[in-house]
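Please read the notes below with the model open beside you, and check each point against what you see.

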Amino acid sequence: MTQNTPLSPRLPRLPLHPEDVAHRVLSAAQLRARGVSAAQTSAQCLPGGPWQHLLPGVYLLHPGPPTGRERLHGALLYAGRPPASARRAPAGPADAGYGESMVTGVAALALHGFAAAGDVEALHRIDVLVPRTRRLRSTRFVEVLRAAASMPRAVRVGELPVTPVERALADAVAGTVDAACVRRLLTEAVRDRHCEPAAVVRELSEAKLLGRPAVVGAVDALLAEGRAVAEARLYAMVREHGLPEPLWNVELRLPGGPRLGGVDAYWPDQAVAVELDARAPRYGAPGRRGRAEEDPQWSAYAAKREHLERLGITVVHLSPRKLREAADQQATVVRTALMAAADREPAAYVMVLPR
């Protein structure tokens, strides 16, 4: 069969492009926009016919089994079709037909490149996120998930709308009780720099998943992995931007007095300390972010910083996200603090010990 050859004498010419999934899987509305009636579509899907019924209102325009990409495209067409009662103009031939739907869960992670999510071609289930007002049932290989509040902004992976990594992770975690699988997904998210730990924990908290047995230990591993990645970025920032080499990962203490706490980098000659803010986000009421002053971990950070600054030590807080997205800017902040040391009163003498 050559390009633009009609599949039946009774059918209008369809633009068939074997390499283009969007022309191998079409919705009923898209077929009508191309001049194919419902009766013609049904005739093509009879046993032994050239087409097949992939999902309700979605058709595969070849007789063989669907590929993983075809199943993804079909799932979005199914979830994106308007309600029967909706009044809108007919879909045009170029309309993708996805509506507001987007791929999420394990399928989205596979599209984002997660090794732990497996191959797109091997997916047995495809999770699709739709607005909470949609009344659409899961069917066959499509699991319909409704957003609890507003829809996230979709990320385009190729031609497909996909949820951001942190939302895809939360939806994937919600669908599994396998602690080892959860740990692999969360660890890979941070280790391979798909997203920041705080964003993942925020999504898990909003989905009320942090208390699940499969999640508790995995979050600890996630934060440990995130801290290791942030420390590596801090080392790289110091060396790549020509900052003086500090004392790494040390504890400060007053001579004969109490411990002042640990810092990630310390320049004793300038009395400048850098501390990575790699805390997990804390929340007050379920599903609502708590105020910073209600977070005991943040309170401890603030108390330590105030104590050190009363002793004349400048404390620079750096977040993993800022180190990833704006290392040049963060290096300038540290360099400015080091240069300003000459204009300050000498700091109190403190002991520096390995942490």
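1. Cysteine 45 counts as partly exposed because its relative accessibility is 22%, where buried means under 20% relative accessible area, exposed over 50%, and partly exposed in between, with a 1.4 Å probe and protein chains only. Cysteine 195, by contrast, counts as buried, because its relative accessibility is 6%. The structure holds 0 disulfides, a disulfide being a pair of cysteine sulfur atoms within 2.5 Å.

2. Before going on, please note that this is a predicted model, in which local features need pLDDT of at least 70 and side-chain atom pairs count only at pLDDT 80 or more, whereas totals for chains, interfaces and linings use all residues. Residues are numbered from 1 along each chain as its sequence is written, and side-chain values use heavy atoms, with hydrogens and water left out.

3. The secondary structure of the chain comes to 11 helices and 13 strands; these are DSSP runs numbered from the N terminus, helices being H or I with at least four residues and strands being E with at least two. Of the 355 residues of the chain, 45% count as buried.

4. An open sheet of 3 strands, with antiparallel pairing, has the order 1-3-2, and two strands are said to pair if DSSP finds at least two bridges between them. Its edge strands, each pairing on one side only, are strand 1 (25-27) and strand 2 (52-55). On average, neighbouring strands of this sheet are turned by 35° against each other, direction ignored; axes are lines fitted to C-alpha atoms, for helices over the stretch in contact, and angles run from 0 to 180 degrees between N-to-C directions.

5. Strand 2 is joined to strand 3 (residues 58-60) by 3 bridges in the antiparallel sense, and histidine 53 has tyrosine 59 in strand 3 as its bridge partner. Helix 3 (residues 68-80) packs on the sheet and touches strand 1, strand 2 and strand 3, while its direction makes about 5° with that of strand 1; contact here means heavy atoms within 4.5 Å.

6. Strand 9 (residues 247-253) and strand 10 (residues 259-267) run antiparallel and are joined by 6 bridges. In their hairpin, which has 5 residues between the strands, glycine 256 takes a positive phi near 70°. Strand 9 also pairs with strand 13 (residues 351-354), in the antiparallel sense and over 4 bridges.
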